[in-house]
Amino acid sequence: MKRSHLPPLGALRAFHAVADCLSFKQAAEQLNVSATAVSHQIRLIETMLECRVFERNAQGVKLTEAGDLLYTGTQCAFEALEKSVKKIEQAKQPPALTITTTSNFLTNWLVLRLESFKAQFPEIDLHLHTSVKRVDLTQRTVDVAIRYRETAETDLHSTLLYEDQFIVVASPTLALKTLSDLHDTTLFHVEHRHVPAERPDWKHWQQRYGPESLNVSRGLYFSDETHALQAAVAGQGVVIASKLLAEDLIKRRMLVAPFDFSLPGANYYLVTREDMADRPDVVSLREWMLKNMQPEGE
């Protein structure tokens with residue numbers, strides 16, 4: 001079978017542009033050439049194919065049956081070329097690592113350490129995503145998740161980062177000394193905590209540590225732990241908060257933990273797909289987080 005000779009790529013590009021907008025003038029503007037040059041390329045194609053690809057009349061430009069077939073081919077061909085070029089360009093870009101986590105963890109822990117991570121790994125670009133919903137990693141929209149759970153996820157590669165606790169924190173201006181001081185302080189409640197199962201709330205605190213006469217239903221209610229922490233920094237009340245999320249505010253003496261008691265928390269895990277676990281940028285993030293989430297003194 002005789003092999004057909006394809007028209008030159010430039011001619012096919014001109015044809016595709018005209019077929020897209022059904023206008024020689026607009027196609028010429030898109031290609032930054034003259035309308036005469038576009039017409040010349042179309043005549044070349046028609047000469048090689050020995051048929052018309054456009055019908056031109058007073059009403060405008062219309063594809064012929066042969067032109068319609070050729071347009072279907074150029075659509076597929078140029079789309080494939082664009083995808084290939086895009087892949088080549090992406091391969092030249094520095095690696096990007098997409099992380100999903102909660103806004104509380106991002107705001108109170110990760111954001112404060114991003115400068116340190118970038119200084120150590122300047123070649124890794126981070127894309128940060130927050131969601132209150134669990135992101136399905138098998139959909140491959142994100143690479144890594146930082147999750148707060150009581151147990152590891154057996155269907156994914158999970159690394160234990162930190163075993164959390166919940167502590168009472170307040171502004172040093174409140175000068176809390178004893179548990180009885182809680183009677184005269186506004187209690188902050190964080191709602192919609194689903195983990196751990198034994199909720200770290202004031203009722204649980206009272207059952208463990210007292211005081212028995214404390215009215216644990218009074219106070220202010222927050223849907224977000226970050227907002228409760230900021231209100232505590234402002235000296236407006238006292239909150240039971242994640243030790244990890246409060247630690248930077250304690251180090252900066254914006255908050256204090258007046259009592260040596262805690263409630264059990266859950267665990268922070270770095271989670272990824274098994275096929276991603278050994279990717280160099282994931283390994284770098286995992287090792288960096290393990291080092292930076294170690295409790296002081298360890």
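1. E46 is buried, its relative accessible area being 11%. The cut-off for buried is under 20%, so a value of 11% places E46 in that class. The model is a predicted one, and the value for E46 should be read as computed from it.

2. E46 is part of helix 3. Leaving aside residues up to four places away in sequence, E46 has contacts with C51, R52, V53, F54 and R56. One of these contacts, F54, comes up again in point 4.

3. M48 also belongs to helix 3, which covers residues 35-49. M48 is partly exposed, because its relative accessibility is 36%.

4. The whole structure contains 15 aromatic pairs. One of them joins F15 and F54: the ring centres are 5.2 Å apart and the planes meet at 40 degrees, so this pair is classed as tilted. The pair connects distant parts of the chain, with F15 in helix 1 (residues 9-21) and F54 in strand 1 (residues 54-57), 39 residues apart.

5. Are F15 and F54 buried or exposed? F15 is buried, with a relative accessibility of 0%. F54 is likewise buried, at 0% relative accessibility.

6. F105, W109, F117, F121, Y148, Y162, Y268 and W288 make up one aromatic cluster.

Definitions and conventions
Residues are numbered from 1 along each chain as its sequence is written. This is a predicted model: local features need pLDDT of at least 70, side-chain atom pairs count only at pLDDT 80 or more; totals for chains, interfaces and linings use all residues. Side-chain values use heavy atoms; hydrogens and water are left out. Helices (H or I, at least four residues) and strands (E, at least two) are DSSP runs, numbered from the N terminus. Buried means under 20% relative accessible area, exposed over 50%, partly exposed in between (1.4 Å probe, protein chains only). Contact means heavy atoms within 4.5 Å. Rings of Phe, Tyr and Trp (its six-membered ring) pair if their centres lie within 6.5 Å; planes under 30 degrees apart count as stacked, over 60 as edge-to-face and the rest as tilted.
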